[in-house]
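Subject: Structure handover

Dear colleague,

Please find the structure below, with the sequence. My notes on what was found follow it.

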2 protein chains.
Amino acid sequence: MKFSKKSEYGLRALLELTRAYGSTTLQRHDIAVRQHIPVEFLEQILLALKRAGLLSSKRGAKGGYCLIKQPKDISLGHVIRILDGPLAPIGCVSKTAYQKCSDCPYANRAHCPVQQVMGSVRDAIADILDNYTLADFAAGSKHT
Amino acid sequence: MKFSKKSEYGLRALLELTRAYGSTTLQRHDIAVRQHIPVEFLEQILLALKRAGLLSSKRGAKGGYCLIKQPKDISLGHVIRILDGPLAPIGCVSKTAYQKCSDCPYANRAHCPVQQVMGSVRDAIADILDNYTLADFAAGSKHT
DNA sequence: AAATTGTTGATTAACTCACTCATGTTTGCG
DNA sequence: CGCAAACATGAGTGAGTTAATCAACAATTT
């Protein structure tokens, strides 16, 4: 029941980019040094976030990465789903990537006790992460 | 961010044992058939639960496993920690198995934004799973 | 042109997951 | 007793994932 390093690094990288938002672009090298992330691994992460439409990048000597959406419009849940896949603790309760469990002995899914608990765990996690934005994150707390 | 099959199978096995609680013992074979779990793998799980003090077993022709605590005194959180390790999504916010994160750039842990969010995620998960007992589980819902 | 950066894809070593196998030990029953 | 049924334990295995690493290339600035 863990998030991957990928997610963790991704969030920390976005933290730096949120701080720089509106003023400068950041190069992968700088982000890597400030957050102690291996540069080459960081690159994969930044590219994934770019493909997902969160970042833009500029090549060349004065290049770098920057956010293309406002920090208050990006939730941590969204970021983690990009880098780590669905939040749900088991496939059969995921709302964004449902997968039926092959070996469940319950014909009616709604009656499966495992699903009932895991569903509420999923909701609790999603409630927090989908309502926590990069702006909250950089501020160090959630203010509603 | 998933629970392992081990936890899932473990919970399903305990569901059967909860139903049988007070009346009979169950053999691994029966549990395996009813819940569609590979027998040999199930055995590892049952032994882990036995070592943790949740089950007792009896050998021989009329043997089997049974719960040695009341279903209402066993929480799902406890079971999952036995089979899957800590609930916390990253090591540095675990209360039962804290592990300092080596590469965190924040000297003061309390100021790390990652820790703040992950801490609240951990609490939300633990809140649900530590207050949900096998009795609730077998009943199919939580009644406070 | 040279240096600095981003882009892409392939490859990797280590590890975990979900089993499976082999082998043993204990127990109950005829 | 003898033997089958059941529990006990440890080692092994194939597939997949994680966390990087490497190599080669393309674009941009000085």
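Chain A can be laid on chain B by a turn of 180° and a shift of 0.0 Å along the axis, with an RMSD of 0.1 Å. That is the relation of a two-fold axis. In chain A, A:Met1 has the C-alpha nearest the axis, at 2.5 Å. The same surface serves both copies, as 100% of the contact residues of chain A recur in chain B.

Please bear in mind that this is a predicted model. Chain A has a mean pLDDT of 90, and 98% of its residues reach 70 or more. Among the elements of chain A, the lowest mean pLDDT, 91, belongs to helix 2 of chain A, and the highest, 95, to helix 6 of chain A.

The contact between the chains

The contact takes 33 residues from chain A and 33 residues from chain B. On the side of chain A that touches chain B, at least two residues each come from helix 1, helix 2, helix 4 (76–84), helix 5 (113–130) and helix 6 (134–139) of chain A. Helix 5 of chain A has the largest share of that side, 10 residues. By class, the side of chain A that touches chain B divides into 20 nonpolar, 7 polar and 6 charged residues.

The DNA strands

There are 23 residues around DNA strand D, and those that come nearest are A:Ser4, A:Lys5, A:Glu40, A:Gly60 and A:Ala61. The elements that give two or more residues to this surface are helix 1 (5–20) and helix 3 (39–51) of chain A, along with helix 2 (28–35), helix 3 (39–51) and strand 2 (64–67) of chain B. Helix 3 of chain B gives the most to the surface near DNA strand D, namely 3 residues. That surface has 6 nonpolar, 8 polar and 9 charged residues.

Around DNA strand C there are 23 residues, of which B:Ser4, B:Lys5, B:Pro38, B:Glu40 and B:Gly60 come nearest. Here at least two residues each are supplied by helix 2 (28–35), helix 3 and strand 2 (64–67) of chain A, and by helix 1 (5–20) and helix 3 of chain B. The element that gives the most to the surface near DNA strand C is helix 3 of chain A, with 3 residues. The classes for the surface near DNA strand C are 6 nonpolar, 8 polar and 9 charged.

The hairpin of chain B

Strand 1 (residues 55–58) of chain B runs antiparallel to strand 2 of chain B, and 4 bridges join them. In this pairing, B:Leu55 stands opposite B:Leu67 in strand 2 of chain B. The hairpin has 5 residues between the strands, and in it B:Gly60 takes a positive phi near 85°. B:Gly60 is also one of the residues that come nearest to DNA strand C.

Most residues other than glycine have a negative phi. A:His36 has a positive value, near 55°. This residue is found in the loop between helix 2 and helix 3 of chain A.

In chain B, the phi of B:His36 is positive and near 55°. B:His36 lies in the loop between helix 2 and helix 3 of chain B. With 13 other C-beta atoms within 10 Å, B:His36 is partly exposed.

Regards

Technical notes
Residues are numbered from 1 along each chain as its sequence is written. Chains are lettered from A and ligands numbered from 1 in the order in which they are written. This is a predicted model: local features need pLDDT of at least 70, side-chain atom pairs count only at pLDDT 80 or more; totals for chains, interfaces and linings use all residues. A residue is near a molecule or strand if its C-beta atom, placed from the backbone, lies within 6 Å of it. Ala, Val, Leu, Ile, Met, Phe, Trp, Tyr, Cys and Pro count as nonpolar, Asp, Glu, Lys and Arg as charged, and the others, Gly among them, as polar. Two residues are in contact if their C-beta atoms, placed from the backbone, lie within 7 Å. Copies are superposed by least squares on the C-alpha atoms of residues with pLDDT of at least 70 in both. pLDDT is the predictor's confidence in each residue, from 0 to 100. Two strands pair if DSSP finds at least two bridges between them. A residue is buried if 20 or more other C-beta atoms lie within 10 Å of its own, exposed if 12 or fewer, and partly exposed in between; C-beta atoms are placed from the backbone.
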